[in-house]
Amino acid sequence: MQDHPLRRWLKSLYARKGGQTVLVKALSERDRRRVLRHFMGLDRDDRLLRFGSVLPDEQVEAYVAKLDFAKDIVFGVYNRVFQLVGVGHLAFTSRDAHPDSMHYTDKEKVAEFGVSVSKSARGQGIGTRLFERAAIHCRNSDVDTLYMQCLSSNRTMMHIAKKAGMEIRRDYGEADAHLHLPPPSPGSVLAEALEEQIAKIDYTVKANARAAAKWLLPKR
């Protein structure tokens with residue numbers, strides 16, 4: 001099968017519901033507060049689906065405080081009013097953390113991915129786009145095995161996994177899916193670079209618009 005990552009990425013930009021383009025940006029330290037706000041906005045059921053258990057607020061705060069934006073990759077999607085409505089966490093770990101990976105890769109590292117989308121932004125393809133961005137980043141980082149763990153009842157994640165062609169293994173109510181990725185190509189490198197640059201411009205425009213609105217609105 002031919003590999004056309006750049007063509008797929010360009011097609012995805014114009015295939016969104018409602019004509020809205022979903023741009024995925026790599027987040028940094030300055031986004032930590034908004035990441036926390038996003039997770040704190042998840043209700044009990046959504047926290048269960050994202051973390052595998054219903055984390056109380058203090059544990060969510062601890063999780064966000066430990067995020068290492070230099071070591072791991074955190075992706076985000078901002079809506080029109082500069083609210084973070086989707087977060088994907090891509091963590092790189094030793095192959096030993098997944099003993100079965102010995103059958104799939106000879107690389108030293110594999111990747112694990114977790115994603116959450118705010119209720120207000122469901123049905124826009126945000127979870128899929130976050131997953132696609134994580135997958136292409138793995139390719140370009142010479143990591144060829146991507147894992148995703150979630151509850152079997154998480155139908156959205158199961159749909160994303162099946163759509164991506166991931167091999168899914170279910171065990172005691174949990175699902176462990178993995179995807180073997182092809183090596184990087186000029187198209188995959190260019191696709192990721194273009195999306196990041198466009199997402200940065202979009203981020204700056206929305207941030208400036210938000211700041212201008214706060215300045216212009218009368219203070220109460």
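This is a predicted model: local features need pLDDT of at least 70, side-chain atom pairs count only at pLDDT 80 or more; totals for chains, interfaces and linings use all residues.

Trainee: OK, how many helices and strands does the protein have?
Mentor: There are seven helices and seven strands. Starting at the N terminus, the elements go α-β-α-α-α-β-β-β-α-β-α-β-β-α.

Trainee: And how much of the protein counts as buried?
Mentor: The figure is 45% of the 220 residues.

Trainee: What about H5, is that helix buried or exposed?
Mentor: H5 is largely enclosed by the rest of the structure, because 13 of its 15 residues are buried.

Trainee: What span should H5 have, and what do its ends give?
Mentor: H5 covers residues 126–140, and at 1.5 Å a residue its 15 residues should span 21 Å. The C-alpha atoms at its ends are 21 Å apart, so the two agree.

Trainee: Which residue with a positive phi follows H5?
Mentor: That is Asp-142, with phi near 60°.

Trainee: Switching topic. Which residues gather in the patch of positive charge on the surface?
Mentor: Arg-33, Arg-37, Arg-210 and Lys-214 do. The elements giving two or more residues to that patch are helix H2, residues 32–40, and helix H7, residues 186–216.

Trainee: Where is Arg-33 found, then?
Mentor: Arg-33 belongs to helix H2.

Trainee: Why does Arg-33 count as exposed?
Mentor: Its relative accessible area is 51%, and exposed means over 50%.

Terms used:
Residues are numbered from 1 along each chain as its sequence is written. Side-chain values use heavy atoms; hydrogens and water are left out. Helices (H or I, at least four residues) and strands (E, at least two) are DSSP runs, numbered from the N terminus. The expected span of a helix is 1.5 Å times one less than its number of residues. Buried means under 20% relative accessible area, exposed over 50%, partly exposed in between (1.4 Å probe, protein chains only). Patches are made of residues with over 30% relative accessible area and no salt bridge: like charges are joined within 9 Å, nonpolar side chains (Val, Leu, Ile, Met, Phe, Trp, Tyr) within 5 Å. Accessible areas come from the Shrake-Rupley method with a 1.4 Å probe; for residues, only the protein chains shown count as cover. A salt bridge is a side-chain nitrogen of Lys or Arg within 4 Å of a carboxyl oxygen of Asp or Glu. Lys and Arg count as positive and Asp and Glu as negative; His and the chain ends are not counted. The place of a charge is taken as NZ of Lys, CZ of Arg, CG of Asp or CD of Glu.
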